Amino acid sequence: MDMEIGSQHFGNQHPVVFKDVLSDQTKEAICLRCGEMVFGSSFSCMECEFYLHKKCAEAPSKIDHPFHRNHPLVLLPEPSYKGCLCHFCGKTCEKSVYHCSCKLDFHIKCALFSLNMAEKKLEELKHITIKVPLLFTEDDNKELEKLDCFVCWEPLLESMYFSLDCGFNLHKKCVELPHEIKYPFHKSHPLILQFNVDHFSCKICLQKPSGKGFVYSCSPCRFAVHIKCAEFPPILNLPCHRNHPLFLNVKREGRSCHACRENPSFMTCKETQQNKFYRCSSCIFGLHLECALPPLTIKEKIHKHPFSLFWRQVSFICDACGREGKLCDCRVEIEYGSYSCFNCKFVVHVKCALEKKGWYKEVDPKDIDRKLAVVPKMSTNPMDCVIEKNEDGEMTKIKHFSHEHNLILSKNLIEGHCDGASLVDKYCDGCVLPISNPFYYCSECDFLLHKSCAKSPKQEQLWFHICQRFLILLVGCIFRCDLCQSESNGFSYMCKKCDVHYCLYCATRNYRIKHQAHRHRLFFDRNHKGRCSACNVSVRGLFKCKSCDAFNLHVDCLRLPLTAWHKCDEHRLALTYEEVNKYSEYQFCDICEKKRDSRKWFYHCATCDISAHSYCALGRYPFIKPGSIYNELKDHPHPLTFVRKIFSGPRCHKCFQPCRDLVLECADSSCDYVVHWDCVKPAYLRSEKTARPKTETGEIVEDTSEGSSCIIL
């Protein structure tokens with residue numbers, strides 16, 4: 001329907017026409033008041049391309065806004081100063097604005113929407129979907145994690161929110177806030193929900209006014225509290241302090257929190273959440289606000305199950321920091337809270353669990369079973385079928401998804417292979433470590449698989465991988481492990497979203513391990529800085545011994561195989577942790593004939609008294625299986641076989657230098673093609689080592705000794 005309105009020019013020199021739909025418009029139509037595209041009902045002048053949304057055209061020249069009772073908001077054709085920001089959505093104002101001399105400015109649509117909020121006229125939200133934050137699902141949008149609610153300016157994903165289709169970032173609970181509240185610490189007047197423009201700090205957390213969102217305030221008394229702070233109850237009864245109630249204390253006191261043990265007297269003003277306490281009036285017990293009311297359930301990115309808050313005192317080792325979990329006050333027995341996973345034996349201090357905002361998300365306990373049941377999209381069982389079992393129920397013959405032939409269980413390396421060949425110099429196709437008992441072998445080809453590697457699920461969540469999606473087990477590809485940085489053609493777990501691979505060995509390591517080099521268990525501590533006991537490199541982020549504080553391992557050295565094969569000796573070389581001969585003249589590598597550093601681990605044969613640097617014994621590519629086939633070289637017609645050359649061999653067809661270390665030889669016996677792996681490996685493997693952005697930490701720390709630098713987990 002077209003209707004000419006001659007008396008209404010809206011600042012335009014020609015009369016404008018009202019249209020329900022811009023059906024004959026070919027160019028993009030932009031509203032001159034709000035700057036957004038025009039759809040549906042609008043006023044326009046086709047002669048000079050003048051367009052106004054119906055809502056913008058009919059916007060009143062002045063608004064007496066319930067959320068700003070001091071002055072009216074006046075409609076201006078443009079901002080009165082440069083860099084003008086909308087007080088509601090926080091975005092730049094470039095077109096018409098509603099303005100108040102209090103330095104309060106709004107887009108037209110933001111002013112009108114907030115007015116409807118105040119008057120409870122929210123017809124436009126009735127058909128908008130309300131979303132419940134879901135954790136670590138495939139459609140999880142990382143951009144949502146950066147958004148804040150326009151009312152409270154707390155993270156949007158902290159609570160149920162309206163779909164962004166409504167054009168605003170809004171928590172459901174914030175839209176439903178009461179306009180007035182009676183507050184126990186300001187009984188003389190009610191607190192009114194207002195735009196946050198007054199120049200006084202929140203009386204609870206002491207934060208200075210941000211100039212965004214809303215607060216509950218009493219302007220005559222200059223008293224204000226944030227929406228979130230107003231939700232703190234004045235009295236608490238907690239399981240961790242059953243004898244007396246706890247009272248919200250609005251006076252600053254120099255007592256320490258009994259949960260995190262930190263004293264607010266020594267904190268800066270920036271640590272505002274820690275300035276106020278719940279305290280017991282009968283004894284010395286006190287808790288920070290956030291420690292007193294932690295979320296009942298959280299989802300940590302270092303663990304696949306949600307954590308439940310455990311208020312009872314138990315003795316445990318914290319899996320996040322490795323510290324003793326029985327915290328006791330020296331004068332009185334105190335019960336402390338902690339987060340624990342009911343599905344596994346995983347327990348974390350409240351402080352450790354909440355240490356970094358990006359590592360956890362708050363979960364409503366009602367939604368754990370319904371919303372947080374993170375399950376893979378396909379079967380995780382790597383066994384296509386079990387063909388035979390022995391009397392003990394052990395699978396003795398299987399069909400594994402990674403191989404075309406059936407696999408047979410063996411517990412004796414001396415049993416031999418299908419052609420009678422020895423298995424002493426063979427490697428697992430999964431982890432590419434020397435084969436050991438028990439293992440599965442193929443009677444028709446050279447395929448071998450440790451029994452433990454054969455059980456690796458086809459999809460898995462890894463504790464150190466930040467995005468916490470299910471990773472897919474891949475076979476038959478060459479990759480660089482994002483943790484140990486080793487190139488490998490064994491099994492890998494791949495995250496499609498992050499485009500990273502983890503070798504099977506690194507993927508199966510836990511945050512708590514036992515290593516043969518040390519008598520105590522080791523814990524991964526992301527903040528611990530020390531010198532690796534294996535390579536003497538100084539790094540931050542280590543597996544450390546809490547018991548004696550004298551042993552550290554970083555992830556690269558954790559990857560070293562316990563035994564290695566080298567053609568310099570007929571026996572297996574054992575990984576050795578300290579010098580067997582203290583005389584310096586014996587501390588040489590028998591492979592390269594150069595001096596060894598006595599502080600570093602090495603490989604040794606006790607029978608032949610042969611010692612070698614770890615890199616000499618293993619080569620540059622210890623985790624690419626010799627004898628495996630490579631079909632990805634486009635400029636050679638035949639399949640190629642990986643071979644380790646201990647001594648110089650024929651010249652490389654690419655660089656024409658003698659072939660040594662890992663090379664590719666043509667599998668066709670009539671072809672003499674040979675080439676260094678370094679000369680032909682794909683571009684995605686050629687980049688230098690980089691810090692790991694997809695894991696908990698990624699940092700390079702250099703050592704003072706020659707050639708010592710390390711990239712850590």
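In what order do the four strands of the open sheet with β29 and β30 stand? The order is β29-β30-β33-β34, and the pairing is antiparallel. Keep in mind as you look that this is a predicted model. At the edges of the sheet you will find β29 (459-460) and β34 (500-503). Each of them has a single partner strand, so one side of each is left without a neighbour in the sheet.

Let's look at one pairing inside this sheet. Strand β33, residues 492-495, runs antiparallel to β34, and four bridges hold the pairing. To find the place on screen, look for Ser 492, which stands opposite Cys 503 in β34.

A second open sheet of four strands has the order β35-β36-β37-β38, again with antiparallel pairing. Here the edge strands are β35 (512-514) and β38 (552-553); each has a single partner strand, so one side of each lacks a neighbour in the sheet. Strand β36 covers residues 521-531, and three bridges join β35 to this strand. Within that pair, Ile 513 stands opposite Leu 522 in β36.

Now move along to a hairpin. Strand β41 (residues 602-605) and β42 run antiparallel, joined by four bridges, and Phe 602 stands opposite His 613 in β42. Four residues lie between the two strands of this hairpin, where Asp 609 takes a positive phi near 55 degrees. In a regular strand, side chains alternate between the two faces of the sheet. Strand β42 (residues 610-613) is covered on both faces: Ile 610 and Ala 612 are buried on one side, and Ser 611 and His 613 are buried on the other.

Is helix α2 largely enclosed or open? Helix α2 spans residues 108-118, and nine of its eleven residues are buried, so the rest of the structure largely encloses this helix. Among the buried residues are Ile 108, Leu 112, Phe 113 and Met 117. Just after α2 comes Lys 120, with a positive phi of about 60 degrees.

Side chains of opposite charge can pair when their charged atoms come close. Lys 109 forms a salt bridge with Glu 36, and their closest N and O atoms are 2.9 Å apart. This pair links distant parts of the chain, since Lys 109 is in helix α2 while Glu 36 is in the loop between β2 and β3, 73 residues apart. Both ends are partly exposed: Glu 36 has a relative accessible area of 36%, and Lys 109 is at 34%.

The loop between β2 (16-19) and β3 (42-45) also holds Ile 30. Together with Met 37 and Phe 39, Ile 30 makes a nonpolar surface patch of about 290 Å². Ile 30 counts as partly exposed because its relative accessibility is 30%.

Salt bridges turn up elsewhere too, and the structure holds 19 of them. In one, Lys 54 and Glu 58 meet at 3.1 Å, N to O. Another joins Lys 451 to Glu 394, with the closest N and O atoms 2.6 Å apart. Lys 451 lies in helix α8 (residues 451-454) and Glu 394 in the loop between β24 (383-389) and β25 (395-400), so the pair ties together parts that are 57 residues apart in sequence. Both Lys 451 and Glu 394 are buried.

Conventions: Residues numbered from 1 in each chain as written. Predicted model: local features only at pLDDT ≥ 70, side-chain atom pairs only at ≥ 80, totals over all residues. Heavy atoms only, no water. Pairing = 2+ DSSP bridges. Patch = residues over 30% accessible without salt bridge, like charges linked within 9 Å, V, L, I, M, F, W, Y side chains within 5 Å. Areas by Shrake-Rupley, 256 points an atom, 1.4 Å probe, with all protein chains shown as cover. Salt bridge = Lys/Arg side-chain N within 4 Å of Asp/Glu carboxyl O. Buried < 20%, exposed > 50% of the residue type's maximum accessible area, 1.4 Å probe, protein only.
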